[in-house]
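Please open the model in your viewer and keep the sequence panel beside it. The stops below say what to select next and what is to be found there.

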Amino acid sequence: MEYRRLGASGLMVPALSFGAGTFGGRGELFGAWGDTDARAARGLVDIALEAGVTMFDTADVYSDGASEEVLGEAIRGRRDRVLLSTKAALPVGDGPNDAGSGRSRLITAVEAALRRLGTDYIDLFQLHAFDARTPVQEVLSALDELVRAGKIRYVGASNFSGWQLMKSLAAADRQGLPRYVAHQVYYSLVGRDYEWELMPLGIDQGVGAVVWSPLGWGRLTGKIRRGQPIPDGSRLHKTAEAGPPVEDELLYTVVDALDEIAAETGRTVPQIALNWLLRRPTVATVIVGARNEDQLRQNLGAVGWELDAHQIARLDKASALTPPYPYYAYYRLPGFTRLNPPAV
């Protein structure tokens, strides 16, 4: 396994991380993702650790906290071998302080996550969404208290826009508070919006990408192709509307290119899609999930080899879309690109 520095921090993370969204199985959304219990989760953790996958990502909203509980059981007795990444900020109840990133909410959320995970510290704690109601100074000050108390070691954001992330980083620099070293983002061959603003920001500010849903919400598994219905058992039957939208023609064009390269390389469609992501600027780690051992082992086959330049160019072309204003000028017009070369 390759290990990479997480943004401008001193933390080294594996190129692939394990996403525990399939653990727990509570609720309509996460129940459709998977219902892995502690015994099965321990087997998946065994396989991951054997392959060098040492970071495990979860969140308090995954299966109403059951994901953290199952993950905590699965790593019991080997906490020193793993990095734990979790998130908070999205609503966990109907109470006035059951959502957001206010001081009370963050302290309560971290304490609850520590109990569920069965640990006394979290390696990477991320805000699951930007809280427009709470001043960024309050958010960062609360995170600083938690870092100083030894309850979290590194902080990150997730699903922030460019201005939200930059405002937070500027406030952290101005006041000497913890900087976000990670941004957990959606990025895939059928969802390249991250490249327009967040990737250049990450390069400039030293924020590493922790990529979620790298297979486009299950669309790049190799089971969905032009002219064919969504296979029985696909989570897209229940969760398609909850995930990032993808135009059918874009999806089919990308899958056609992936099929061609799969035939050339002997690799699977998911492995090629993941390997492409691992070559992108700012990407520190790509989160892969699995409902069973076969899925996990297949995803682990995405590392240890590289696509060649011609194959990467074909995937780039198949997945390219014209960015919206003002980004398109910096990608397409010579005068703009001379001043601001695209990140990729």
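Predicted model: local features only at pLDDT ≥ 70, side-chain atom pairs only at ≥ 80, totals over all residues.

Residues are numbered from 1 along each chain as its sequence is written, and side-chain values use heavy atoms, with hydrogens and water left out.

**The whole chain**

Begin with the C-alpha trace of the protein chain, which spans about 50 × 50 × 35 Å along its principal axes. The radius of gyration, taken over C-alpha atoms, can be set against a globule rule of 2.2 Å times the number of residues to the power 0.38; for 344 residues a compact globule would come near 20 Å, and the protein chain has 20 Å, which agrees. Colour next by secondary structure, and the protein chain shows 14 helices and ten strands, where helices (H or I, at least four residues) and strands (E, at least two) are DSSP runs numbered from the N terminus. Of the 344 residues, 54% are buried, a word that here means under 20% relative accessible area, with exposed meaning over 50% and partly exposed in between (1.4 Å probe, protein chains only). Contact means heavy atoms within 4.5 Å, and among contacts between residues at least 6 apart in sequence, 78% join residues at least 24 apart.

**Strand β8 and its two partners**

Select residues 180–186, which are strand β8. Seven of the seven residues of β8 are buried, so the strand is largely enclosed by the rest of the structure. From β7 the chain crosses through helix α6 (residues 162–175) to β8, in a β-α-β crossover that is right-handed, meaning that, with the strands pointing away from the viewer, the path from the first strand over the helix to the second runs clockwise.

Now show β9 (residues 208–212).

**Aromatic rings**

Show the side chains of Phe, Tyr and Trp, whose rings (for Trp the six-membered ring) pair if their centres lie within 6.5 Å, planes under 30 degrees apart counting as stacked, over 60 as edge-to-face and the rest as tilted. By this rule the count comes to ten aromatic pairs. In one of them, the rings of F18 and F23 have centres 5.6 Å apart and planes at 40°, so the pair is tilted. F18 is buried at a relative accessible area of 1%, and F23 is buried at 0%.

Go on to Y186 and W212, whose ring centres are 5.2 Å apart with planes at 40°, so this pair too is tilted. The pair links distant parts of the chain, 26 residues apart, with Y186 in β8 and W212 in β9. Are these two residues buried or partly exposed? Y186 counts as buried at 17% relative accessibility, whereas W212 is partly exposed, with a relative accessible area of 22%.

Select F130, F160, W163 and Y180 together, which form one aromatic cluster. Then centre on Y121, where the charged end of R79 sits over the ring, 4.0 Å from its centre, and the charged end of R153 sits over the ring as well, 3.7 Å from its centre. A charge is counted in this way if NZ of Lys or CZ of Arg is within 6 Å of the ring centre and within 35 degrees of the ring normal.

Select helix α3 (residues 66–74), in which seven of the nine residues are buried, so the helix is largely enclosed by the rest of the structure. Its buried residues, including E68, V70 and L71, pack against α2, β4 (55–57), β5 (83–88) and α4 (103–117).

T36 lies in the loop between α1 (28–33) and α2 (38–50) and counts as buried at 6% relative accessibility. Leaving aside neighbours within four places in sequence, T36 is in contact with residues including F23, V70 and R291.

Finish at R267, in the loop between α9 (248–265) and α10 (269–278), which is partly exposed at 31%. R267 and G301 are 34 residues apart in sequence and 8.2 Å apart in space, C-alpha to C-alpha.
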